[in-house]
Amino acid sequence: MSASASACTTPGEPADIAARDIQRTLDRRAQAVLSRDEAAYLADLDPGAARLRAAERAEFVNLAQVPLCSWEYRLTGLDRTDTGRATARVELRYRFAGFDEAPVKVTERLDLTRRDGRWYVAAERPQRRGGEQLWEQGRVTVVRGARSLVLGAGQDVKRLRAMADAADEAVPAVDRAWPGRWPRRLVILVPASLDGMGALLGAPAAGYRGIAAVTTGEAGGSGAGPADRVIVNPEAYGVLGAFGQRIVLTHETTHVATRAHTSAATPLWLSEGFADWAAYRGRGRTTGQTAPALQRAVRAGDLPAALPADRDFGFGGDAGALARAYEGGWLACALIAREWGEAKLTAFYRAVGGHGKREGAVEKAMRQVLGTTPEDFEERWRRYALRQLS
């Protein structure tokens with residue numbers, strides 16, 4: 001049992017014994033998942049909870065292809081209303097074999113009932129925050145690439161194979177743009193729909209309409225933090241051509257590579273701009289082809305007054321403004337790579353993220369790495385936009 005577990009005392013069985021026995025129930029369920037033993041998994045469900053048993057059986061089947069190397073429940077809190085009922089706060093931790101250095105952590109709340117001296121799971125309560133798991137949305141199909149693992153719900157194998165192939169190309173492309181230590185492998189989750197994407201992210205689906213993919217994972221730290229996942233919006237991704245799909249996956253792979261050096265100090269123009277710079281690097285595209293929305297604005301006499309602010313990257317806003325924000329960030333990174341060199345661009349990214357807090361981070365990194373000021377850089381960026389996009 002987790003050392004942080006707590007319990008409310010009630011008459012009858014001592015709290016520590018109840019917690020111990022409930023943890024044993026959870027341990028049996030975890031072992032049943034890893035050993036693919038459906039009967040053992042269902043054996044710890046309340047015999048009277050018919051709907052729960054049907055849902056859990058379906059979820060167990062959905063997990064059949066998922067390559068798990070660990071699956072663990074940790075009891076973190078326990079409330080008992082009487083001697084035969086309890087509500088447990090549980091943290092599920094799991095890892096995908098060959099891809100996750102650290103576990104994904106999911107918070108769950110379970111109702112339990114005690115029958116004939118044994119605790120059974122009687123119900124699962126919705127999470128207060130966080131999203132669903134892919135296997136809660138249907139049977140998972142798994143495709144392995146040389147450097148990628150693609151899991152889809154409601155997706156055909158051919159489509160998932162194409163994503164794996166694109167991801168396998170993205171990893172070395174990012175490695176050339178971002179030297180240094182990073183996992184060099186990619187996990188992609190593909191739900192059946194935009195609504196499924198929102199459910200995985202625990203957020204309203206409408207906010208991601210038109211967004212082909214996002215990357216989840218905890219920024220900063222050693223690089224061995226919670227596992228990264230690229231979550232694809234099958235609707236927006238599906239309307240892209242092969243080139244666009246490769247750009248999207250290379251962009252998201254860049255976020256995986258740079259996560260350990262991205263922090264609260266990193267402005268979105270830099271993190272998103274660098275991801276686009278890495279994605280378009282070496283593709284043979286002109287500035288206008290890469291930044292068409294920004295080019296239209298410049299040619300209309302609407303040259304941006306400043307680098308994009310974080311608020312300009314909001315998914316729920318104007319699509320044209322969002323495109324100009326991404327393109328403006330890309331142009332800033334392209335300028336650094338051209339005028340100072342690619343090594344200086346990556347050094348600048350690392351220096352900004354290493355500052356720890358937003359205030360002063362860009363200013364210090366520009367002074368120490370690029371030998372300039374934000375004001376001078378912004379003016380250079382505006383002149384560069386005029387030269388390249390007029």
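Helices and strands are DSSP runs, numbered from the N terminus. The exercises below concern a predicted model.

**Exercise 1. The largest pocket**

Determine which helix gives the largest share of the lining of the largest pocket, and describe that lining by class.

*Solution.*
Step 1. The largest pocket has a volume of about 1,200 Å³.
Step 2. Its lining consists of 43 residues, and those nearest the centre are Ala 213, His 251, Glu 252, Glu 272 and Tyr 326.
Step 3. Two or more lining residues come from each of β8 (213-216), α7 (242-258), α8 (268-280), α9 (287-290), α10 (292-299) and α11 (319-339).
Step 4. The largest share, eight residues, belongs to α7.
Step 5. Sorted by class, the lining holds 22 nonpolar, 14 polar and seven charged residues.

**Exercise 2. Two aromatic pairs**

Classify the ring pair of Trp 71 and Tyr 73, and then the ring pair of Phe 243 and Tyr 280.

*Solution.*
Step 1. A pair of aromatic rings is described by the distance of the centres and the angle of the planes.
Step 2. Ring centres must lie within 6.5 Å to form a pair; the count for this model is 15 aromatic pairs.
Step 3. For Trp 71 and Tyr 73 the centres are 6.3 Å apart and the planes stand at 80 degrees. Planes over 60 degrees apart count as edge-to-face, and therefore this pair is edge-to-face.
Step 4. Both Trp 71 and Tyr 73 are buried. They also belong to a cluster, linked by ring pairs, with Tyr 94, Phe 96 and Trp 135.
Step 5. For Phe 243 and Tyr 280 the centres are 6.5 Å apart and the planes stand at 50 degrees, so the pair is tilted.
Step 6. Phe 243 belongs to helix α7 and Tyr 280 to helix α8; the pair therefore ties together parts that are 37 residues apart in sequence.

**Exercise 3. Buried or exposed?**

Decide how Phe 243 and Ser 271 are to be classed by relative accessible area, and state which residues Ser 271 contacts beyond its neighbours within four places in sequence.

*Solution.*
Step 1. Buried means under 20% relative accessible area, exposed means over 50%, and partly exposed lies in between.
Step 2. Phe 243 has a relative accessible area of 32%, so this residue is partly exposed.
Step 3. Ser 271, a residue of helix α8, has a relative accessibility of 8% and therefore counts as buried.
Step 4. With neighbours within four places in sequence left aside, Ser 271 contacts His 255, Thr 262, Thr 266 and Tyr 349.

**Exercise 4. A charge and a ring**

State over which ring the charged end of Arg 350 sits.

*Solution.*
The charged end of Arg 350 is placed over the ring of Trp 178, at 4.1 Å from the ring centre.

How values were computed:
Residues numbered from 1 in each chain as written. Predicted model: local features only at pLDDT ≥ 70, side-chain atom pairs only at ≥ 80, totals over all residues. Heavy atoms only, no water. 1 Å grid on protein atoms, 1.4 Å probe; cavity = no way out; pocket = protein on both sides within 12 Å on 5 of 7 lines; lining within 4 Å. Points joined across faces, edges and corners; volume = space filled by probe spheres on them. Helix = DSSP H or I, 4+ residues; strand = E, 2+ residues; numbered from the N terminus. Nonpolar A, V, L, I, M, F, W, Y, C, P; charged D, E, K, R; others polar. Phe/Tyr/Trp six-rings, centres within 6.5 Å; stacked < 30°, edge-to-face > 60°. Buried < 20%, exposed > 50% of the residue type's maximum accessible area, 1.4 Å probe, protein only. Lys NZ or Arg CZ within 6 Å of the ring centre and 35° of its normal. Contact = heavy atoms within 4.5 Å.
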